[in-house]
Amino acid sequence: MPESFSPSGRPLVVGANHRSSSMALRDRLFVEEYALPGFYDRLREAGINQALVLSTCDRIEVQTVRPQNEDSGIAAGRIVETMAGHAEIAAADLEGQIYTLGGAEAVRQIFTVPSSLDSLVVGEPQVLGQVKAGHRLAREMRMIGPQLESLLQAAYAAAKRVRSETAIGERPVSIAAAAVEVARDLHGDLSRAAGLLIGGGDIGDMGNVVAGEFITAGLGALTVIHPLAVHAAAAARVLDCHRAPWENLDGLLAETDVVLASLGRRRCSVSADGIRKAIGIRRRKPMFIVDLAVPGDVEPAVDGIEDAFLYTLDDLERVAMRGRQTRKHVAGDAWEIIDEEVAAYIQGQASLGAVPVLSDLRRHFDDMRAAVLAIAGGDAEKATRLLVSRLLHGPTLAMRDRAADGREWAETERLLRRLFGLKKAPANNDGEEGKQ
């Protein structure tokens with residue numbers, strides 16, 4: 001596929017992702033949300049007038065459409081220099097860890113990202129939201145022109161097809177997502193469920209991560225509890241939820257539908273007796289209990305209590321593994337959709353290249369018609385005969401010259417017959433073709 005398929009510009013993508021670069025480099029290149037407006041300003045100063053900047057833990061990528069008359073290497077070099085300047089490193093240090101894609105390859109990349117086929121975790125739903133958020137900011141910064149807007153809208157349409165026509169996002173692939181799926185299977189609508197986080201504290205704590213996933217999934221209420229009040233307060237701030245004194249643990253269990261235990265004190269915080277009492281108070285309403293601690297926080301005997309559903313990290317990893325296998329299996333179908341959408345987009349853009357000459361042709365014919373009508377003085381037969389003669393005069397001379405010097409005349413003839421719907425005349429007895 002030729003690179004110059006668009007009459008208005010050529011797509012270009014420059015970036016680094018989890019496959020091309022090291023985590024250390026991506027950390028240097030990462031553009032914080034507050035710094036994005038300044039980064040866009042530097043791109044504009046470098047001569048990049050259309051751009052979408054995607055900055056996540058997986059990638060830092062600049063998607064743009066460069067003018068037809070601008071060399072791709074020069075445009076890519078400007079972007080690399082801007083990225084290197086932000087990271088405060090030499091552009092040469094990015095060599096081998098930066099990818100540059102142009103033309104059809106750039107279109108494919110731009111379609112692939114929101115479809116979450118280029119993510120560290122294939123099928124993750126967050127990436128489409130990240131692209132759209134970046135798109136909104138780029139538009140606010142006046143960095144989205146009509147060419148890039150058209151390209152992004154086509155990418156969203158491709159992502160929608162991938163989501164609706166494949167099972168790429170139906171199964172959980174992380175432990176946190178697996179926990180949410182199991183809880184939904186047990187309790188249904190999580191907005192009517194109450195959760196209890198036992199432990200928590202730091203942002204990266206496993207309990208906080210899983211609890212955050214439940215909040216995102218619409219959990220009705222969450223309370224955090226910890227033997228150390230300062231840790232409970234820290235987790236409550238991070239998760240924006242309630243906290244309770246450690247002494248209230250037994251009472252809270254009876255009110256809780258989802259228990260997330262991540263204390264890790266080397267002794268069990270949730271006993272089998274405590275769960276039996278809670279189940280009794282709940283009139284046998286089921287409890288979903290996730291033991292996220294190593295060593296465990298929940299007595300293994302809880303697994304044998306009716307209406308208590310205990311899952312460990314190993315259990316959730318098996319659920320997530322099945323999801324990853326499912327997504328890997330359906331990824332082939334998703335790639336087929338991407339290829340179809342890329343081909344359709346490129347064909348549509350290529351067809352726009354004919355618009356200027358077709359407009360000129362129509363204007364030329366209209367001018368000729370007006371001139372002929374003026375000469376004919378109202379005589380319709382004279383006007384139409386004169387118009388046909390004038391319309392064919394130039395093309396006839398050009399085609400005779402082309403046939404005379406043998407310049408691919410057979411192809412030219414086929415094109416003429418196709419343009420005007422002419423059937424090929426049958427051959428005469430002499431072997432010559434009859435006249436139309």
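## Helices on the parallel sheet

Helix α11 (residues 272-281) lies across β9 and β10, at about 155° to β9. Helix α8 (residues 206-216) lies across β5 (194-199), β6 (221-225), β8 (258-262) and β9, and runs at about 160° to β8. Helices (H or I, at least four residues) and strands (E, at least two) are DSSP runs, numbered from the N terminus. Contact means heavy atoms within 4.5 Å. Axes are lines fitted to C-alpha atoms, for helices over the stretch in contact, and angles run from 0 to 180 degrees between N-to-C directions.

## Basis of the model

The model is predicted: local features need pLDDT of at least 70, side-chain atom pairs count only at pLDDT 80 or more, and totals for chains, interfaces and linings use all residues. Residues are numbered from 1 along each chain as its sequence is written, and side-chain values use heavy atoms, with hydrogens and water left out.

## The parallel sheet

An open sheet of 6 strands has the order β7-β6-β5-β8-β9-β10, with parallel pairing. Its edge strands, β7 (242-244) and β10 (308-312), each pair on one side only. Neighbouring strands are turned by 20° against each other on average, direction ignored. Two strands pair if DSSP finds at least two bridges between them. Strand β9 (residues 287-291) is joined to β10 by 5 bridges in the parallel sense; Ile289 has Leu310 of β10 as its bridge partner.

## The antiparallel sheet

A further open sheet has 4 strands in the order β2-β3-β1-β4, and its pairing is antiparallel. Since β2 (52-55) and β4 (99-102) stand at the edges with a single partner strand each, one side of each is left without a neighbour in the sheet. The twist averages 15° from one strand to the next.

Between β2 and strand β3 (residues 59-66) there are 4 bridges in the antiparallel sense; Ser55 has Ile60 of β3 as its bridge partner. Helix α4 (residues 103-112) packs on this sheet and touches β1 (10-17), β3 and β4, its direction making about 110° with that of β4.

## The chain as a whole

The protein chain contains 15 helices and 10 strands. Of its 436 residues, 43% are buried, where buried means under 20% relative accessible area (1.4 Å probe, protein chains only). Among contacts with a separation of 6 or more, 70% join residues 24 or more positions apart.

Definitions and conventions:
Buried means under 20% relative accessible area, exposed over 50%, partly exposed in between (1.4 Å probe, protein chains only).
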